[in-house]
Amino acid sequence: MRLLHDDGTLVHLAYNAGVHPAEDLENLIAHLTRYAVPVRRKLGVERLGIGLWLAPAVADHLIVDRIELVRLRRSLEERGLEVVSLNGSGGHNQDVPGPDWAKPERYRYTMSLAKILAFLLPDDVQFGSISTIPIGWRRDWPADLHSIASRRLERLSRELRGLYSVTGKTIRVGFEPWPGCVLETTEQALERVCGIDSEHLGVCLDACHLSCGVEERAAALRGLALAGAPVVKLGHVHNHSQEIPSTQPVLQDTLNAILSGAVNGTAHVEVEAHEWTAPKTKSPAALVARLADELDWTRRNLTDLGLKLAA
């Protein structure tokens with residue numbers, strides 16, 4: 001779903017399709033038909049954004065078989081769907097996020113996603129975003145692992161620049177801080193990642209974490225503004241029950257910062273509802289309704305900020 005700001009900035013709104021994960025291309029396309037198309041129709045829009053999660057095996061398959069990659073793009077277009085962002089957690093599934101950035105598999109998977117995304121991006125879209133893990137899954141990372149990971153990120157930066165020179169598409173990789181990991185805060189991400197390449201490497205902000213006080217959002221946005229590092233994606237946006245703070249203030253503050261130019265960034269907003277993972281046997285109706293409700297809530301908040309639905 002596209003929304004347009006008065007200054008011409010295009011905001012892309014999507015939902016994270018990791019809520020109905022697929023381990024092969026056939027099931028991936030089937031799930032788009034089963035879930036994404038009904039969500040689009042329920043919202044009454046001609047085009048809906050999807051934040052795809054590709055299993056490593058699917059990514060490998062698409063890289064070596066160009067015909068299958070063309071098939072995926074055509075399948076998206078035929079269903080009124082578009083992809084400007086990928087979830088790059090990797091691993092066996094959405095909840096087992098795979099190797100850390102000290103492992104070569106992490107680099108290879110991320111570059112595969114970047115090449116796939118450059119091909120899947122609509123012709124009129126220049127920027128694509130990929131979210132990735134917070135480097136490693138522990139706080140006490142030894143210096144040798146950090147050195148290895150840094151070299152991989154430097155290589156990633158070079159390859160993303162090379163991809164731009166070939167395709168004309170800028171693919172940005174955003175590291176999402178997470179409690180208990182190497183990168184726990186936006187400040188740590190700025191220190192360890194964004195100094196390498198502030199054009200192609202940046203931060204994915206988790207709206208739920210910021211709304212719940214895991215990190216202070218004003219401080220996070222100030223740090224991003226001072227560093228000139230991009231907000232690659234604003235994720236985990238959704239309405240909450242009365243017991244949990246809403247992500248609405250985070251959505252408003254972050255988009256205002258990007259749209260005003262105070263913070264560099266790609267205006268990609270992604271709704272997540274992982275606690276509603278698709279059941280294997282039941283009707284898709286409940287998940288479709290939940291996703292449509294969350295997307296509609298986010299759409300209404302964006303239009304309240306002065307954005308208008310784009311064609």
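The model is predicted, with local features requiring pLDDT of at least 70 and side-chain atom pairs counting only at pLDDT 80 or more, while totals for chains, interfaces and linings use all residues. Residues are numbered from 1 along each chain as its sequence is written, and side-chain values use heavy atoms, with hydrogens and water left out.

**Overall picture**

- The protein has 10 helices and 10 strands, where helices (H or I, at least four residues) and strands (E, at least two) are DSSP runs numbered from the N terminus.
- Buried residues make up 55% of the 311 residues in the protein; buried means under 20% relative accessible area, exposed over 50%, and partly exposed in between, with a 1.4 Å probe and protein chains only.
- The protein exposes about 13,200 Å², of which carbon and sulfur atoms supply 51%; accessible areas come from the Shrake-Rupley method with a 1.4 Å probe, and for residues only the protein chains shown count as cover.
- Among the contacts (heavy atoms within 4.5 Å) with a separation of 6 or more, 79% are accounted for by residues 24 or more positions apart.

- Leaving aside residues up to four places away in sequence, Ile135 touches Asp100, Trp101, Trp141, Ala149, Leu153, Phe175, Val182, Leu183 and Val193.
- Ser150 has its place in helix α5 and is buried, with a relative accessible area of 17%.
- Although Ser150 and Ile196 are 46 residues apart in sequence, they are 8.4 Å apart in space, C-alpha to C-alpha.

**Helix α6**

- In helix α6 (residues 186–194), the buried residues are Thr186, Ala189, Leu190, Val193 and Cys194.
- An α-helix has 3.6 residues a turn, so residues three or four places apart point the same way.
- The buried residues of α6 pack against α5 (143–167), β6 (170–175), β7 (201–206) and α8 (217–227), whereas the face turned away from the buried side carries the exposed residues Glu187 and Glu191.

**Strand β2 and its partners**

- Strand β2 (residues 10–16) is mostly covered, with 6 of its 7 residues buried.
- Strand β1 (residues 2–4) pairs with β2 in the antiparallel sense over 3 bridges, and Leu3 stands opposite Val11 in β2; two strands pair if DSSP finds at least two bridges between them.
- The hairpin of β1 and β2 has 5 residues between the strands, and in this hairpin Gly8 takes a positive phi near 95 degrees.
- Strand β9 (residues 268–271) pairs with β2 in the parallel sense over 4 bridges, and strand β3 (residues 48–53) runs parallel to β2, joined by 3 bridges.
- Ala14 has Glu270 as its bridge partner in β9 and stands opposite Gly49 in β3.

**Cysteines**

- A search of the whole structure finds 0 disulfides, a disulfide being a pair of cysteine sulfur atoms within 2.5 Å.
- Cys181 counts as buried at 4% relative accessibility, and Cys204 is buried with a relative accessible area of 3%.
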